[in-house]
Amino acid sequence: RARDEVFATLVTLAAVPGEQQAHVVRAGHHGLLRRTGTEVEWVEVPGGPALGMVPGGARWPTAQLPVPAGTSVVLFTDGLFEGHISRRGTERLGEEGLLALAREGAALEPEAFVDRLIEKAESLAEARGGLADDVAVVHLNWN
């Protein structure tokens with residue numbers, strides 16, 4: 001690392017066709033959302049340090065995440081929930097706030113669900129100039 005603040009977080013998800021589980025590797029990255037019917041939960045599988053944090057490398061476990069048919073997994077960058085949500089102060093949407101937004105839109109179809117998450121997060125951060133970090137969201141359905 002050129003500087004202490006230079007690192008990257010990562011989450012990978014691999015699935016074998018026909019299996020009702022995903023193989024997940026987390027490197028310093030936050031959790032993900034799992035949608036089943038109209039239920040949404042925050043899931044954090046075991047992980048390891050962010051990339052670039054451990055000189056000489058590190059080990060990252062592969063976790064098995066159950067994803068039965070009809071379940072969806074939603075992966076996203078931290079820019080989605082790290083935005084400030086108050087005009088003054090340091091309050092951020094955070095993981096709990098994002099989960100609450102996700103649960104409010106749990107009955108929506110995937111595209112509308114993702115659009116709503118982004119729109120709501122942007123709206124809440126608007127008073128402080130909007131979201132300050134990149135935002136990417138991937139919604140994967142198991143069938």
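## Terms and model

A residue is called buried when its relative accessible area is under 20%, exposed when this value is over 50%, and partly exposed in between. The structure described here is a predicted model.

In one of them, R26 is paired with E44, and the closest N and O atoms are 3.1 Å apart. R26 belongs to strand β2 (residues 21–27), whereas E44 belongs to the loop between β4 and β5, so this pair ties together parts that are 18 residues apart in sequence. E44 has a relative accessible area of 42% and is therefore partly exposed. R26, by contrast, has a relative accessibility of 12% and so counts as buried.

R34 forms a salt bridge with E41, with 2.8 Å between the closest N and O atoms. R34 is buried, because its relative accessible area is 14%. E41 has a value of 33% and is therefore partly exposed.

## A salt bridge between two helices

The side chains of R116 and E104 also meet in a salt bridge, at 3.2 Å from N to O. R116 is located in helix α2 (residues 110–125) and E104 in helix α1 (residues 94–104), so the pair ties together parts that are 12 residues apart in sequence. E104 counts as exposed, because its relative accessibility is 55%.

Key: Residues are numbered from 1 along each chain as its sequence is written. This is a predicted model: local features need pLDDT of at least 70, side-chain atom pairs count only at pLDDT 80 or more; totals for chains, interfaces and linings use all residues. Side-chain values use heavy atoms; hydrogens and water are left out. A salt bridge is a side-chain nitrogen of Lys or Arg within 4 Å of a carboxyl oxygen of Asp or Glu. Helices (H or I, at least four residues) and strands (E, at least two) are DSSP runs, numbered from the N terminus. Buried means under 20% relative accessible area, exposed over 50%, partly exposed in between (1.4 Å probe, protein chains only).
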